[in-house]
Amino acid sequence: MLSAIFPPLKFTDFIEWYPENGRYELINGCVFEMQPTGKHEEVTDFIGISITIESQRLKRPYMFPRHALVKAPEWETAYLPDVMVVNKNALASEPLWEKYSTITKGESIQLIVEVVSTNWRTDYGYKLTDYEALGIHEYWVADYLGVGGRRYIGFPKQPTFTVYQLVDGEYQFQQFRGNERIISPSFPELNLTAQQIFNADGNFT
């Protein structure tokens with residue numbers, strides 16, 4: 001993630017300015033351009049393909065927007081998730097969807113995935129807090145480098161896949177490493193290990 005590239009902006013100004021093919025986030029009024037690494041893109045793509053195939057198999061009414069924003073509650077903040085699973089049936093009630101491709105209601109989102117590179121404080125901090133406040137059902141943090149803070153992934157640090165599930169308005173979490181199979185409330189039959197995800201290595205057939 002780069003440093004802020006503009007003076008502080010209001011959310012309304014940010015979405016009016018937002019370029020069609022850009023990759024930007026607004027955090028507390030500051031605009032950041034997202035510059036993922038190649039490995040980050042590989043892991044993100046692997047997760048996206050895996051859960052898209054599983055959604056189709058289960059015939060779920062989901063879509064997977066790659067450029068949609070999530071508006072955080074009561075802040076000049078909008079996130080661009082690495083992977084987002086949206087319930088298509090809920091989009092009619094989203095006031096900013098049609099014009100700005102922006103989600104404002106947590107119940108419209110089944111799952112968000114953030115792949116950690118160097119910006120672990122954002123993924124484990126701001127986003128965790130805001131996604132919980134929005135009421136987003138499930139949140140995955142794929143820390144393939146094991147760079148998260150000790151309070152999040154323990155010590156010694158190692159690559160860790162964390163699944164946060166909303167229970168009574170608060171996130172409860174379970175962590176997976178190595179050959180441990182990911183347990184997901186949204187996709188309970190998904191047959192992937194943490195290491196397969198971190199290696200972006202699996203069988204899509």
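**Close-up views of a predicted model**

**View A. The loop that holds D168.** D168 lies in the loop between strand β10 and strand β11, the latter covering residues 170-176. As in the other views, the coordinates belong to a predicted model. The phi angle of D168 is positive, at about 50 degrees, although this residue is not a glycine. With a relative accessible area of 77%, D168 is exposed, because that value is over the 50% limit.

**View B. The loop that holds N28.** N28 is placed in the loop between β1, which covers residues 24-27, and β2, which covers residues 30-33. Its phi is near 50 degrees, which is again a positive value in a residue other than glycine. The relative accessibility of N28 is 40%, so this residue counts as partly exposed, the class that lies between the limits of 20% and 50%.

View C. The peptide bond that runs from F155 to P156 is cis, with an omega angle near 0 degrees. P156 itself sits in the loop between α5, formed by residues 150-153, and β10, formed by residues 160-167.

**View D. Helix α4 and its bend.** Helix α4 comprises 15 residues, 120-134, and reaches 20 Å from its first C-alpha to its last, close to the 21 Å expected at 1.5 Å a residue. At K127 the helix α4 bends by about 35 degrees. The residue that follows α4 is G135, whose phi is positive and near 85 degrees.

View E. The C-alpha atoms of K127 and A78 are separated by 9.8 Å, while the two residues are 49 residues apart along the chain. T122 is also found in helix α4, and at 8% relative accessibility T122 counts as buried. Between T122 and E170 there are 18 Å in space, C-alpha to C-alpha, and the pair is 48 residues apart in sequence.

**View F. I197 in helix α6.** I197 is found in helix α6, which is made of residues 194-199. The relative accessible area of I197 is 2%, so this residue is buried under the 20% limit. I197 and W17 are 180 residues apart in sequence, and their C-alpha atoms are 35 Å apart in space.

**View G. The second largest pocket.** About 220 Å³ of space lies in the second largest pocket. Its lining is formed by I15, Y18, P19 and E20, by H67 and L69, and by K99, Y100 and S101. By class, this lining holds 5 nonpolar, 2 polar and 2 charged residues.

**View H. The annotated span.** An unreviewed UniProt entry lists residues 12-194 under "domain: Putative restriction endonuclease". In the predicted model, the end C-alpha atoms of residues 12-194 lie 38 Å apart, and the span is 28% helix and 27% strand.

Terms used: Residues are numbered from 1 along each chain as its sequence is written. This is a predicted model: local features need pLDDT of at least 70, side-chain atom pairs count only at pLDDT 80 or more; totals for chains, interfaces and linings use all residues. Side-chain values use heavy atoms; hydrogens and water are left out. UniProt positions are given in the numbering used here, feature names are shortened, and annotations may be inferred rather than shown by experiment. Helices (H or I, at least four residues) and strands (E, at least two) are DSSP runs, numbered from the N terminus. On a 1 Å grid over the protein atoms alone, a cavity is a set of points where a 1.4 Å probe fits but cannot get out, and a pocket is an open set with protein on both sides within 12 Å along at least five of seven lines; lining residues have an atom within 4 Å of a point. Grid points are joined across faces, edges and corners, and a volume is the space filled by probe spheres set on the points. Ala, Val, Leu, Ile, Met, Phe, Trp, Tyr, Cys and Pro count as nonpolar, Asp, Glu, Lys and Arg as charged, and the others, Gly among them, as polar. The expected span of a helix is 1.5 Å times one less than its number of residues. The bend at a residue is the angle between axes fitted to the seven residues ending there and the seven starting there. Buried means under 20% relative accessible area, exposed over 50%, partly exposed in between (1.4 Å probe, protein chains only).
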